[in-house]
Amino acid sequence: MAQTAKKLSSRQGSAAQEERRELLSSLSHTRTLINQAYGGFNTASDSDLIESYVFEINSLQARYNYLLRRVKELEGAT
């Protein structure tokens with residue numbers, strides 16, 4: 001019975017580590033997208049294009065905050 005619990009705990013730990021790796025990868029990718037969106041925003045002159053960059057940046061920042069919160073939750077659970 002103790003071995004079964006140990007195996008289950010090991011699998012859960014491995015799944016949590018894999019999820020953390022995926023979240024960190026997504027964080028990095030999202031950070032890159034945010035930087036690209038800021039680059040586009042800084043060079044745009046058309047008001048519609050500027051507005052689209054503002055929405056894109058806000059959306060990406062919300063995603064980044066979500067991913068960061070999930071990483072912190074996983075780290076708190078281990």
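Me: Buried means under 20% relative accessible area, exposed means over 50%, and partly exposed lies in between (1.4 Å probe, protein chains only). What percentage of the 78 residues of the protein count as buried?

Reply: This is a predicted model, in which local features need pLDDT of at least 70 and side-chain atom pairs count only at pLDDT 80 or more, whereas totals for chains, interfaces and linings use all residues. Residues are numbered from 1 along each chain as its sequence is written, and side-chain values use heavy atoms, with hydrogens and water left out. Of the 78 residues, the share that counts as buried is 19%.

Me: How many helices and how many strands does the protein have?

Reply: Helices (H or I, at least four residues) and strands (E, at least two) are DSSP runs, numbered from the N terminus. Helix α1 covers residues 2-43 and helix α2 covers residues 47-77. The count for the protein is therefore 0 strands and 2 helices.

Me: Among contacts between residues at least 6 apart in sequence, what percentage join residues at least 24 apart?

Reply: Contact means heavy atoms within 4.5 Å. Among the contacts between residues at least 6 apart in sequence, those that join residues at least 24 apart make up 66%.

Me: Which residue forms a salt bridge with Glu19?

Reply: A salt bridge is a side-chain nitrogen of Lys or Arg within 4 Å of a carboxyl oxygen of Asp or Glu, and a search of the whole structure finds 4. Glu19 is partly exposed, at 29% relative accessibility. In its pair the closest N and O atoms are 2.6 Å apart; the partner lies in helix α2, 51 residues from Glu19 in helix α1. That partner is Arg70.

Me: Which residues are linked with Arg70 in a network of salt bridges?

Reply: The side chains of Arg70 and Glu73 also meet in a salt bridge, at 2.7 Å from N to O. Because these two residues are 3 apart in helix α2, they are separated by about one helical turn. Glu73 is partly exposed, with a relative accessible area of 41%. The network joins Arg70 with Glu19 and Glu73.

Me: How many residues apart in sequence are the parts that Glu75 and Arg20 tie together?

Reply: Glu75 forms a salt bridge with Arg20, the closest N and O atoms being 2.8 Å apart. Both are partly exposed, Glu75 with a relative accessible area of 39% and Arg20 at 34% relative accessibility. As Glu75 belongs to helix α2 and Arg20 to helix α1, the separation in sequence of the parts tied together is 55 residues.

Me: Is Thr30 buried or exposed?

Reply: Thr30 is placed in helix α1. Leaving aside neighbours within four places in sequence, Thr30 is in contact with Leu60, Arg63, Tyr64 and Leu67. At 2% relative accessibility, Thr30 counts as buried.

Me: What distance separates the C-alpha atoms of Tyr64 and His29?

Reply: Tyr64 is found in helix α2 and is among the buried residues there. Not counting residues up to four places away in sequence, Tyr64 touches Leu27, Thr30, Arg31 and Ile34. His29 is 35 residues from Tyr64 along the chain, and their C-alpha atoms are separated by 9.4 Å.
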